[in-house]
Amino acid sequence: MTRMGGVWQNWGRSAKVRPRSVERPASTAAVRRSVQAAGRHGLDVKAVGAGHSFTGIAVAPGVLLDLGDLTGLVSVDRERARVTLRAGTRLHQIPRLLRPYGLAMQNLGDIDRQTISGAISTGTHGTGSRFGGISTQVVGALLVTADGELLTVSEAENPELLPAVAVGLGALGVLVEVTVQCVPAFVLHAVEHPEPLDDVLAAMTERAEASDHFEFYWFPHTDVALTKTNTRLPGDAPRHPLPRVGRWVDEELLANGLYRVVCGTGMAIPALVPRYSRLAARLTGNREYTDVSNRVFTQNRRVRFREMEYAVPAENVEPAFRALVRLIDERRWRISFPVEVRFTGADDLWMSTASGRASGYIAVHRYWREDPAEYFEAVEQIMLGYGGRPHWGKMHTLDAAALRERYPRFDDFVALRDRLDPERMFANTYLERVLGR
């Protein structure tokens with residue numbers, strides 16, 4: 001199905017484009033036909049999932065492939081606990097697909113609106129010092145390359161390409177299937193507490209290493225960290241989920257409805273932001289519950305925002321974060337959105353932000369109607385000084401020359417791109433900036 005003349009924009013309203021055409025393939029064969037037809041007409045092609053990246057990584061001025069109809073399970077390997085999913089499957093759909101087989105994804109981020117292909121292509125991650133990002137769960141993939149042919153990457157076929165394809169940035173081909181290594185379904189015991197910020201900063205590395213999953217939020221203009229510690233339990237462990245009404249009050253009324261009003265008011269009257277932030281720190285982040293893993297990992301985020309996130313070596317999180325706190329104080333900015341801190345283990349994926357090192361992630365946000373440039377650019381300079389690598393799907397200013405210095409396998413990735421897409425069918429302005437032409 002092709003539609004002419006429409007405008008596509010991402011969720012954060014930070015990127016938009018009027019593609020020459022939009023196609024919605026519902027099968028691998030249809031993707032191949034679209035790529036082959038684009039090649040004959042000299043058009044570029046970009047696959048788009050949920051549009052939840054804040055960068056222009058999915059911007060498609062030529063042919064936009066909307067993978068919304070390419071969803072569902074392809075196959076299940078019960079013996080090895082592996083599932084193959086069509087590339088457009090949303091993360092929030094996967095728990096239901098896995099439930100009949102007693103399986104779950106090993107780790108998730110806190111938002112589950114993305115597609116599986118978009119999440120791995122941008123290096124989306126959760127938290128947990130003993131766990132990697134979502135891409136580390138990928139054990140196989142099927143791509144349509146620039147010539148319209150299929151490329152299988154697995155333990156049996158082209159295994160040397162898996163570390164590149166698992167975080168492929170959409171630069172190597174169109175993912176049509178992804179095979180994920182799952183784990184037996186499990187339960188998480190969540191403990192969320194407000195704690196003095198200085199105490200959390202002093203002990204966060206040890207707490208992250210001692211916990212299955214540890215993270216915290218900090219509302220600027222407060223001295224409180226909202227910590228969240230999740231402990232993994234067997235799938236048959238007793239569950240004590242949040243009461244439905246209590247969850248609605250916390251996550252819909254306060255975190256979404258009231259907070260949208262706060263952000264809008266803060267734009268009009270910035271002086272009120274510190275007062276609102278202190279109130280938010282008192283009203284949220286103090287609860288304990290046990291539930292199936294995906295209901296603990298993820299939250300509904302309905303207040304639109306823009307985000308920048310940098311991964312720094314785990315040992316640099318504390319000094320980088322303290323420098324961020326000083327920056328906000330010195331500039332006298334009024335920042336209504338919290339800063340988020342998470343941790344992951346090292347991996348061996350070529351373009352992963354955690355490649356070769358245990359990492360901590362510091363994410364900053366601004367309400368989507370506010371201009372984030374001054375704040376983000378100043379924070380970016382701090383993160384670069386501490387060895388930071390930007391999340392591929394979140395706003396940053398780095399180019400290929402700067403990124404090459406930060407990724408040991410950068411040139412290997414570019415060489416593979418040269419081989420699979422020599423004419424740059426899958427390129428766009430963002431990829432030209434971060435990978436070169």
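Where in the structure does Thr122 lie? In this predicted model, Thr122 sits in the loop that runs between helix α3 (116–121) and strand β10 (138–144). Thr122 has a relative accessible area of 7%, and because buried means under 20% on this scale, Thr122 counts as buried. A polar atom of the Thr122 side chain lies 2.9 Å from the backbone oxygen of Gly118. When its neighbours within four places in sequence are left aside, Thr122 is in contact with Ser53, Ile57, Val167, His391, Trp392 and Gly393.

We turn next to the nonpolar cores. The largest nonpolar core has 110 residues, and among these Phe216, Phe321 and Tyr375 touch the most other members. Helix α9 (residues 317–331) gives the most to this core, contributing eight residues. Not counting residues up to four places away in sequence, Phe321 touches Leu197, Leu201, Phe216, Trp218, Val339, Val341 and Ile362. There is also a second, separate core of 14 residues, which includes Tyr217, Leu226, Ala280 and Tyr367.

Strand β16 (residues 224–234) pairs with the two strands in the table below.

| Strand paired with β16 | Direction | Bridges | A residue and its partner in β16 |
|---|---|---|---|
| β14 (residues 186–196) | antiparallel | 11 bridges | Glu195 and Ala225 |

Strands β15 and β16 form a hairpin with five residues between them, and in the turn His221 has a positive phi of about 80°.

Technical notes: Residues are numbered from 1 along each chain as its sequence is written. This is a predicted model: local features need pLDDT of at least 70, side-chain atom pairs count only at pLDDT 80 or more; totals for chains, interfaces and linings use all residues. Side-chain values use heavy atoms; hydrogens and water are left out. Helices (H or I, at least four residues) and strands (E, at least two) are DSSP runs, numbered from the N terminus. Buried means under 20% relative accessible area, exposed over 50%, partly exposed in between (1.4 Å probe, protein chains only). A polar contact is a pair of N or O atoms within 3.5 Å; within protein, one must be able to donate a hydrogen and the other to accept it, and residues adjacent in sequence count only if both atoms are side-chain atoms. Contact means heavy atoms within 4.5 Å. A nonpolar core is a set of buried Ala, Val, Leu, Ile, Met, Phe, Trp, Tyr and Cys residues joined through side-chain atoms within 4.5 Å. Two strands pair if DSSP finds at least two bridges between them.
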